Amino acid sequence: MLSGLRHISSILVKPAGPDCNLACRYCFYRSAAALYPDRPVHRMSDEVLESVICQYMAIAGPLASFGWQGGEPTLMGLPFFERVVQLQHRYGLGGQKVSNGLQTNGVLIDDDWARFLAQWKFLVGLSLDGPAEIHDHYRRDHGGRATHARVLEALHHLQHARVDTNVLCMVTDASVTRARELFDYFYGLGIRWMQFIPCVETHPDGGWESYSLDVAEYGQFLCALFDLWYGGMNLKRTYIRDFEELLINVTTGRPPSCVPSDHCGDYVVVEHNGDVYACDFHVTPEWRLGNLMETPLLELVNSPTMERFAAAKRQWDRSCTTCPWLNLCHGGCPKYRINANGAPARKTCFCAANLELFRHAGDTLRELADRYGPPSVLHRVPEVHDASSGVRGNAPCPCGSGRKYKHCCMKRG
């Protein structure tokens, strides 16, 4: 990227916007449809797709990291993603690598999808909340039908094709007391890469939504899960994102993702029509940066609105400043700095749960850091494919600046 300008480590693209073929009760992104009331169906055009890839790859640096999410991105169809790879090769700069991540509910995944994802080394995040009893409690389709069996079929297709697959498990009131059951279930399915996401949302009339987990129980969940992860480290090695990232943080002092970092703004979200937002959890008019079909992406990621968003992360509670665990948390994700009525707060609603985990696991994490040294061997690195460059030095720079490539993003360092 250009010296002195903000760097974004990745871009999160929502090609079908908030549209989804499921009706999960706890979905927070469904409300984004209200931003586009004149469009009952949301789909990214080829013109917008090409502009997204062209502009981002021009400023991404040696590794261009794409996340494809929704809603449900597979609603775009497999030809759309074949076009994605074609465009990544067209606009790749000399020596540039590309990684792609796809977050999906799995309902549309078949052998053709799996072969494509394996060929182009996509990392797939598959939403699976546990055994059928837990998963189907909230994850049903628009007809009210259970989806667990269909997700297991998708998992089979992905495993058969040897697609790198993470399971994304929402932890709700139905599962927060069942850490061992979830861990053993996923392990029994051959899953070694797991991510557990706490589900907490507020009701419009006040209070927590009924599916929200109890924070005290969540602290116990994290401790139990940590013990399962640590206890099997030498016998049945598994990756659980929260703990791997904690270990990296303890070892290097550099959090690998935005949640435990001291700032936000490491990525941006691009909606189906080219609108750019500061964060997946903040797709709201307040944090709309602009539209990349009207303003170059380079300008949007360096806009005053983005700077204000990034700086807001450090506005944590005064008590956080003296907390011995601040370097592992940095106030958590701003989305969860709310109270039970949804009002803004300076402290994350997960504070007590995080403290319980840090006190329980702190000594062990320091011991592991000493034992393993550099944690790169413990952290999942996304696979990449080469992107051949079709952009010459005298060609217009793909970032949209109007300058020649050799006088613009070719100088990135």
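Predicted model: local features only at pLDDT ≥ 70, side-chain atom pairs only at ≥ 80, totals over all residues.
**Strand β2**

I started with β2, residues 63–68. Five of its six residues are buried, so the strand is largely enclosed by the rest of the structure.

Next I looked up its partners. On one pairing I found β1, residues 10–13, which joins β2 in the parallel sense over three bridges. I then followed the chain from β1 to β2. The path goes through helix α1, residues 46–59, and this β-α-β crossover is right-handed.

I turned to β3, residues 97–104. Six bridges join β3 to β2, and the two strands run parallel. Here I noted Phe 66, whose bridge partner in β3 is Asn 100. The chain leaves β2, passes through helix α2, residues 78–91, and reaches β3 in a right-handed β-α-β crossover.

**Asp 136**

I moved on to Asp 136, which sits in helix α4, residues 132–138. Is Asp 136 buried or exposed? I found it buried.

I then checked for a salt bridge and found none for Asp 136. The nearest side chain of opposite charge belongs to Arg 140, 5.3 Å away. The cut-off for a salt bridge is 4 Å.

What does lie by the side chain of Asp 136? One of its polar atoms is 3.0 Å from the backbone nitrogen of Thr 147. I also listed contacts, leaving out residues up to four places away in sequence: Asp 136 touches Ala 146, Thr 147 and His 148.

Conventions:
Residues numbered from 1 in each chain as written. Heavy atoms only, no water. Helix = DSSP H or I, 4+ residues; strand = E, 2+ residues; numbered from the N terminus. Buried < 20%, exposed > 50% of the residue type's maximum accessible area, 1.4 Å probe, protein only. Lys, Arg positive; Asp, Glu negative; His and termini not counted. Polar contact = N/O pair within 3.5 Å; in protein donor to acceptor, adjacent residues only side chain to side chain. Contact = heavy atoms within 4.5 Å. Pairing = 2+ DSSP bridges. Right-handed = clockwise from strand over helix to strand, strands pointing away.
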